[in-house]
Amino acid sequence: MFTDSVQYQAPLAQGKSGFLQIIPAANAVHSCNLIIYVPSAQASNNPVFDATVQMWYQQAPTIPPSGGTQPTKDSPAVFTITPNSDASGNLFGRATFEGLLSGDQPLVYTAAIDAASGQIDIPDTLLENTQPSVMVSPTQRYFTLEISTEAVDWTTATFASVEVLVNLHVAQGSAPSKPGDTPPQRAFTWNKGEQGIKYLSYGIQDGNVVSYDWKANYITPGKPVQSNSATGASDLILNIPATPTS
């Protein structure tokens with residue numbers, strides 16, 4: 001129950017069917033597992049002793065009721081993870097970050113990993129809000145794309161929604177992508193009046209090169225779909241054009 005001055009927009013549900021739909025509470029909790037896993041073959045050459053992980057929101061989500069404060073850069077959630085060795089010589093350790101499901105505010109992740117080869121520092125890395133897990137590894141990194149429709153003026157737009165389709169392509173250095181390096185297509189939708197930035201995160205290996213193809217469909221019920229598209233993009237911010245070209 002909120003006061004008249006408070007507004008809350010529930011997360012958009014896509015691709016759902018059936019008679020039951022669940023709308024998450026405004027302050028629904030989302031867990032993100034922080035995992036150290038080093039296979040025995042790597043652990044024998046460069047074992048990881050421990051890692052200090054910090055996580056916070058790029059901007060503190062403003063979601064009623066307040067329910068306490070969420071971690072920020074000035075006051076992050078801090079985890080010290082010490083992996084243990086199993087019978088096969090694999091190293092494994094885990095911690096859990098408890099955040100909010102709603103709000104579309106990206107997480108920021110950084111880590112200092114102590115390994116036999118020395119300390120590896122992972123710089124501040126954006127992650128989409130619903131990231132289910134983070135692999136804390138000397139070689140694991142994350143590519144995050146920001147997608148924005150802020151150029152769209154809904155007061156004059158002749159369409160009712162914008163659907164953005166993104167296909168990522170991952171290559172090792174200058175080598176071409178392999179079939180296994182092609183993540184599934186992701187879709188994002190803004191309905192009339194909605195603004196803001198959405199985020200797409202994908203785990204890669206240190207040194208991988210990521211590019212993407214995108215298509216924006218401008219949808220008006222009962223009329224042909226118009227679109228914009230591009231291939232081979234590499235910018236970390238995708239600004240969707242205000243109007244279609246075809």
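Modeller: The protein chain has 15 strands and one helix. The model is predicted, and pLDDT averages 86 over the protein chain, with 85% of the residues at 70 or higher.

Biologist: Where in the protein chain is confidence lowest, and where is it highest?

Modeller: Helix H1, residues 40-43, has the lowest confidence, with a mean of 84. Strand S3, residues 77-81, has the highest, at 97. Where pLDDT is low, the coordinates should not be read in detail.

Biologist: Why is Glu-194 called buried?

Modeller: The relative accessibility of Glu-194 is 16%. Buried means under 20%, so Glu-194 counts as buried. Glu-194 sits in the loop between strand S11 (186-191) and strand S12 (197-205). The C-alpha atom of Glu-194 is 8.8 Å from that of Thr-149, although 45 residues separate the two along the chain. Over the protein chain, buried residues make up 40% of the 246 residues.

Biologist: What makes Val-209 partly exposed?

Modeller: Val-209 has a relative accessible area of 44%. Buried requires under 20% and exposed requires over 50%, so Val-209, at 44%, is partly exposed. Val-209 belongs to strand S13, residues 208-219.

Biologist: What is the strand order of the open sheet, and which strands stand at the edges?

Modeller: The open sheet has four strands in the order S4-S5-S1-S8, and the pairing is mixed. Strand S4 (84-85) and strand S8 (133-135) are at the edges; each has a single partner strand, so one side of each lacks a neighbour in the sheet.

Biologist: What is the lining of the second largest pocket by class?

Modeller: The lining has six nonpolar residues, six polar residues and no charged ones. Lining residues include Tyr-37, Val-38, Pro-39, Met-135 and Gln-205. Val and Met count as nonpolar, so Val-38 and Met-135 fall in that class. The volume of the second largest pocket is about 210 Å³.

Biologist: What share of the contacts with a separation of 6 or more joins residues 24 or more positions apart?

Modeller: In the protein chain, that share is 68%.

Technical notes
Residues are numbered from 1 along each chain as its sequence is written. This is a predicted model: local features need pLDDT of at least 70, side-chain atom pairs count only at pLDDT 80 or more; totals for chains, interfaces and linings use all residues. Side-chain values use heavy atoms; hydrogens and water are left out. Two strands pair if DSSP finds at least two bridges between them. Helices (H or I, at least four residues) and strands (E, at least two) are DSSP runs, numbered from the N terminus. On a 1 Å grid over the protein atoms alone, a cavity is a set of points where a 1.4 Å probe fits but cannot get out, and a pocket is an open set with protein on both sides within 12 Å along at least five of seven lines; lining residues have an atom within 4 Å of a point. Grid points are joined across faces, edges and corners, and a volume is the space filled by probe spheres set on the points. pLDDT is the predictor's confidence in each residue, from 0 to 100. Buried means under 20% relative accessible area, exposed over 50%, partly exposed in between (1.4 Å probe, protein chains only). Contact means heavy atoms within 4.5 Å.
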